[in-house]
Amino acid sequence: MSDASNQSDANAVTLTRKDFTSDQEVRWCPGCGDYSVLTAVQLLMPELNIKPENQVFVSGIGCASRFPYYMNTYGIHSIHGRAPAVATGVAVARPDLDVWVITGDGDALSIGGNHFIHALRRNVNMTILLFNNQIYGLTKGQYSPTSEVGKVTKSSPFGSLDYPFNPCSLAIGSEATFVARTHDMDRKHMQEVFRRAHEHRGAAFVEIYQNCNVFNDGAFDGVTAKDKRAEMLIELRHGEPIRFGAENEFGVRLNQFGEAEIVSVAEVGEAALLVHDEHRYDPSTAFALSRLAEQPVSPTPMGVLRAIDRPTYESQVQDQLTAAQERRGPGHLRELIESGAVWDVV
Amino acid sequence: MTEISETNGSPKSLDRVVIRFAGDSGDGMQLVGDRFTDVSAAFGNDLATLPNYPAEIRAPAGTIAGVSSFQVHIADYDIVTPGDIPNLLVAMNPAALKANIADLAPGSAIIANIDAFEPRNLDKAGYEANPLEDGSLDAFRVYPVPMTSLTLEAAKDTGAKPRDAQRSKNFFALGLISWMYTRPVEPVYKWIAERFGKSQIVHDANLCAFKAGYHFGETAELFEHAYEVQPAKLPPGRYRNITGNAATAYGLIAAGQQAKLPLLYASYPITPASDILHELSKHKNFGIRTVQAEDEISAIGIAIGGAFAGHLGVTATSGPGVDLKAEALGLAVSMELPLILIDVQRGGPSTGLPTKTEQADLMLAMYGRHGEAPLPIVSARTPSECFDATFEGARIAIKYRTPVIVLTDGYLANGSEPWLFPDVDALEDISIPFTTEPNHLNPDGSVEFWPYVRDEVTLARPWAIPGTPGLMHRIGGIEKEDGTGNVNYEPANHELMTRLRAEKIARIAADIAPVEVDDPDGNARLLVVGWGSTHGAIQAGARRVRARGHEVATAQLMHVNPFPLNLGEILSRYDRVLVPELNLGQLSRLLRAEYLVDAKSINKVQGLPFLSAEIEAKMMEMLDV
């Protein structure tokens, strides 16, 4: 999500993290993964050469949704699940702005599931950062739509029964044009993925594995802990065969059913590996890749799963307005009112 | 229907007539009603209409449930309702007759499509014997006309297959009624050419059917003579016929123009509000952005986002949609942004009566949100006044930075009347400047922007939109500190903010038109207070009571919250107060609570407007005569 008009003048004063930091005290629990996401975004902003007044952060309800208060930009802390709808209003009204949606697994995928999928399929120009901690934090620890089956929480003392969503699979199934995953333990990776998401024209979806150290501590340790990353994180690089492992000894290939599977490179040979292509218009392969992130712990793709070009919703809205004005001239209220059968009484 | 004059051979003059077209939902009765209405409007009659159709697009053919009707009242003087009793019923089948016969008075005329009165249809309608033959209609003047077969005969050279050709029988009916009431035919020819120009066969079939109906009236010796209703002596000016929903759409366009704001309209399809979306979607050359949202909540969310970004954010819906939008309305109350929500009321609760009218959302509009969340409510009293009510709603929303609910209803939305054009050049400028400069001076001499610093008179907060350097701010639904707008949970601050929000709405009372009382001689002891679409029936009821030599005063509210400042004083002037409503007593409860007045109710919840006779009878009862 970007717009050329938001780039600062070449001779403008260079901005710093401070210019994007509000005067409000950050109130997340000590040790929360949200801090590192906030830092990543605040550090990235000056690098993007954009103006704070042209940024609008829209959030719903949940711990992560306090995020806009900490950004020195325009912001709306809206209501539970509705951020993509409110952000759509901002984006359709003002294509000149950069619109960011901050949401969580409960906010985006449970109460706000409908707005989430429709913002993606419409391709509204916005960057959606989904803080996935697989738990309800603000309401103190109930299972979420991404929690693993059998999770024991206050609301599921005998284990949760609900089968979880895979957020990236859901996004791809919702016709998203940009889908990526990152995690809160790697600030550089986050910044790079956020930068790509911001550059994308259209709805850009980023799932962030985010640790809730109070209610779901270590949920992603199995894949994001430093000593696990080599064998558990599958770094996606466009145009390259998908490989991972301490010695790059593993890879991903598509089997006869079109499913992505983990293979030993020594056994199948490098030529058999899937070469990652972010720009494949058909979503099937990206979907297959997204399925690799099986719960509770399996090798998990990180980075950009899908990035394709499709006209943004608001640009098409604008095109229709322009075309109508060219065809019929600007609207004239009196002519409109007097259209159709009229008569005069004298 | 007063018969004024009669000359041999020439049409008989009437001062008014009420015609009801009734048939199967697939028979095209709404279309025929619309055509007759437009022709009569252009001819210069005053008129009012009442479309009445089932929620099902195609209910089982031939059944009572599938009957669709369109009533139109035309007159040579100013009228205020679609009429209580049809003078003429056009019944395209037995079910249409059965569903409508109870509304006729002895002496009313019935034109029945005798071709449709065959055993299967009679059975479906629940008739054991053919009512056209068993004498059960002796109180009426019945004209059996073989419309289907005459239509087929007329269309036989057009190339239309019989199955298709018989569908033109509604135009036969229109032709016949056009002859009966001496309507000009050219506008119908023109309309048929425009509408069906692309298909020669359909065009020809409809045209032939129309002409056949017209000629049938002229030549068949069934009817004694035709009638005429002269143009009405309405105030001078240029007119068109308009429905409430079209007037609402135009009101929004006018508001955007006079507010110098782009219009962002988001809604989810719902009966009977969808036509507003349809109308606005046509006028993109006005720069109107329309979004068909994924649901009702999204629609208001999009409007709120647009408002934050500096557009005139609007959403429209009906009752079920208002339920769903409640939480977001509260957000708009808390964010103090301009927003317009139009509620085209229909029968409830739940899905209720989707295509029928009701006024039962007043309490929902007043109180249908958690917490103390007051907002202004404006209602429209006639179809054309939907233009003014919407414009007024926008004026208040923008000036006071508040969501406003505009209440119309199914009767206004689909009903139509002649509309004397407003002087668009004289429309009020309702624009306000966006805030572009910091508004708070710190002790150290620095300046900053506080989003909740208020205007001393209106208590409105500044509207600073994204893209404005130096005024970045974050707001939402959490309670905000007075002034800074920062998140704040202090007890005293919450009470202060709650009272400020309430006071802001209360102050609007001083900025709206006072209630006008219609009390011709000033001696009435009974005041009838209504709101919204009951206006016509109350006026007509009062005319009847006055014609009988009694005095009654009426007042019809446009602003329902806050009430106009003079309302209390007006109520206190009268011994008795009657409140007619299409609900079980919602305005009456508000009046009783606000003014301690012993307001009596007359209520109706049948999905239909009041008859003027019903209002008249209650007035007479209250007058003890």
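B:Pro349 is located in the loop that runs between β14 (339-345) and α13 (362-367) of chain B, where helices (H or I, at least four residues) and strands (E, at least two) are DSSP runs numbered from the N terminus. The model is predicted: local features require pLDDT of at least 70 and side-chain atom pairs count only at pLDDT 80 or more, whereas totals for chains, interfaces and linings use all residues. Residues are numbered from 1 along each chain as its sequence is written, chains are lettered from A and ligands numbered from 1 in the order in which they are written, and side-chain values use heavy atoms, with hydrogens and water left out.

**Backbone geometry**

Most residues other than glycine have a negative phi, and most peptide bonds are trans. The peptide bond leading from B:Gly348 to B:Pro349 is cis, with omega near 0°. A cis bond also links B:Asn561 to B:Pro562, with omega near -10°; B:Pro562 belongs to the loop between β23 (559-561) and α18 (567-572) of chain B. In chain A, A:Asn49 has a positive phi, near 60°, although this residue is not glycine. A:Asn49 is placed in the loop between α1 (34-47) and β1 (55-59) of chain A.

**Domains 1 and 4 of chain B**

Chain B is assigned domain 1 (3-229), domain 2 (240-426), domain 3 (433-512) and domain 4 (526-622); such bounds come from an automatic or database domain assignment. Taken over C-alpha atoms, the centres of domain 1 and domain 4 of chain B are 35 Å apart. Contact (heavy atoms within 4.5 Å) involves eight residues of domain 1 of chain B and 11 residues of domain 4 of chain B. The two domains bury about 690 Å² between them, 56% of it on carbon and sulfur atoms. On the domain 1 side, B:Val80, B:Thr81 and B:Asp84 lose the most area to domain 4 of chain B, together accounting for 67% of what that side buries. Buried area here is the accessible area (1.4 Å probe) that two parts lose on being put together, summed over both.

Two salt bridges cross the interface of domain 1 and domain 4 of chain B, a salt bridge being a side-chain nitrogen of Lys or Arg within 4 Å of a carboxyl oxygen of Asp or Glu. Three residue pairs, both members at pLDDT 80 or more, are in polar contact across the interface of domain 1 and domain 4 of chain B. The residues on the domain 1 side that touch domain 4 of chain B comprise four nonpolar, two polar and two charged. In this classification Ala, Val, Leu, Ile, Met, Phe, Trp, Tyr, Cys and Pro count as nonpolar, Asp, Glu, Lys and Arg as charged, and the others, Gly among them, as polar.

**The interface of chains A and B**

The contact between the chains takes 69 residues from chain B and 57 residues from chain A. Chain B and chain A bury about 5400 Å² between them, 61% of it on carbon and sulfur atoms. Within chain B, B:Asn285, B:Glu294 and B:Arg474 lose the most area to chain A, together 15% of what that side buries.

Between chain B and chain A there are five salt bridges and 33 residue pairs in polar contact, both at pLDDT 80 or more. Elements that each supply at least two residues of the side of chain B that touches chain A include α1 (29-43), α9 (244-259) and α11 (296-308) of chain B. The largest share of that side, seven residues, comes from α11(B). By class, the side of chain B that touches chain A has 38 nonpolar, 20 polar and 11 charged residues.

Strand pairing also spans the two chains. Four bridges join strand β12 (residues 342-345) of chain A to β10(B), and the two run antiparallel; two strands pair if DSSP finds at least two bridges between them. In this pairing A:Trp343 stands opposite B:Tyr239 in β10(B).

**Salt bridges in the whole structure**

Over all chains, the search finds 42 salt bridges. B:Asp423 lies in the loop between β17 and β18 of chain B and A:Arg334 in helix α12 (residues 333-337) of chain A, so this pair joins two chains. The table sets out two salt-bridge pairs.

| Salt bridge | Closest N and O atoms |
|---|---|
| B:Arg543 and B:Asp78 | 2.9 Å |
| B:Asp423 and A:Arg334 | 4.0 Å |

**Local details**

In chain A, three strands form an open antiparallel sheet in the order β8-β9-β10. Its edge strands, each pairing on one side only, are β8 (243-244) and β10 (260-264) of chain A. Two bridges join β8(A) to strand β9 (residues 250-254) of chain A, and A:Arg243 stands opposite A:Gly251 in β9(A).

In chain B, B:His440 lies in strand β18 (residues 440-441). The side chains of B:His440 and B:Asn442 make a polar contact of 3.4 Å. A polar contact is a pair of N or O atoms within 3.5 Å; within protein, one must be able to donate a hydrogen and the other to accept it, and residues adjacent in sequence count only if both atoms are side-chain atoms. Not counting residues up to four places away in sequence, B:His440 touches B:Ser446, B:Val447, B:Glu448 and B:Trp450.
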